[in-house]
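Morning, everyone. I have one structure to walk through today.

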Amino acid sequence: MRSRPKIAIPHTGIDRSLEVIGVTLLVALWVVALWAYKDLSNGTSIPVHFNAQGAVDRYGSKNTLLLLPIIATALYWGLTLLNKYPESYNYLRPLTPENAAAEYTKATKMIRLLKTSL
């Protein structure tokens, strides 16, 4: 693989907005999970899986409430780290010094949208 140019991509207003929305939603996920967690007693089991008819077929402890926020946080920060290195992504067309900035901008915006949707 040829060396790709390392270009600093400036953040636009949309980029900053997506970051703020993403962090806000992540914090909200933690707040809701911790609020529900504190209201449950230690012996409480919660439904964690439903079959095709909608009936519960597996239960878990109240600690499983924290699994989703933990996974979401790991994905969010992992994608944040990945977004710092757009030259490491795979691209459909060959990168040249002329088109690298445009391709990096599109790729980093896509990762920000993915982070916000997660």
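**A predicted chain, from overall shape to surface**

The mean pLDDT of the chain is 89, and 98% of its residues reach 70 or more. Among the elements, where is confidence lowest and where is it highest? It is lowest in β1, at a mean of 89, and highest in α2, at 95.

Now the layout. The chain holds three helices and two strands. Read from the N terminus, the order is α-β-β-α-α.

Next, overall shape. For 118 residues, a compact globule would have a radius of gyration near 13 Å. This chain has 20 Å. Its C-alpha trace spans about 60 × 30 × 20 Å along the principal axes. As for burial, 28% of the 118 residues are buried.

Let's go along the chain. Start at helix α1, which covers residues 13–39. Find Val-20 in that helix. Is Val-20 buried or exposed? It is exposed: its relative accessible area is 52%, and the cut-off for exposed is over 50%.

Move on to the strands. β1 takes in residues 45–50, and β2 takes in residues 56–61. They run antiparallel, joined by five bridges. To get your bearings, look at Ile-46, which stands opposite Gly-60 in β2. Together β1 and β2 make a hairpin, with five residues between them. Gly-54 sits in the turn and has a positive phi of about 90°.

Keep Gly-54 on screen and go back to Val-20. How far apart are their C-alpha atoms? The separation is 36 Å, for two residues 34 apart along the chain.

Last stop, the surface. Five residues form a nonpolar patch there: Leu-67, Ile-71, Leu-75, Leu-114 and Leu-118. Together they have about 450 Å² of accessible area. Which element gives the patch its largest share? Helix α2, residues 67–82, with three residues.

Take Ile-71 from that patch. It is found in helix α2. Its relative accessibility is 43%, so Ile-71 counts as partly exposed.

To recap. We have a predicted model with elements in the order α-β-β-α-α. An antiparallel pair of strands, β1 and β2, forms the hairpin. And a nonpolar patch on the surface draws its largest share from helix α2.

Terms used: Residues are numbered from 1 along each chain as its sequence is written. This is a predicted model: local features need pLDDT of at least 70, side-chain atom pairs count only at pLDDT 80 or more; totals for chains, interfaces and linings use all residues. Side-chain values use heavy atoms; hydrogens and water are left out. Patches are made of residues with over 30% relative accessible area and no salt bridge: like charges are joined within 9 Å, nonpolar side chains (Val, Leu, Ile, Met, Phe, Trp, Tyr) within 5 Å. Accessible areas come from the Shrake-Rupley method with a 1.4 Å probe; for residues, only the protein chains shown count as cover. A salt bridge is a side-chain nitrogen of Lys or Arg within 4 Å of a carboxyl oxygen of Asp or Glu. Helices (H or I, at least four residues) and strands (E, at least two) are DSSP runs, numbered from the N terminus. Buried means under 20% relative accessible area, exposed over 50%, partly exposed in between (1.4 Å probe, protein chains only). Two strands pair if DSSP finds at least two bridges between them. pLDDT is the predictor's confidence in each residue, from 0 to 100. The radius of gyration is taken over C-alpha atoms; the globule rule is 2.2 Å times the number of residues to the power 0.38.
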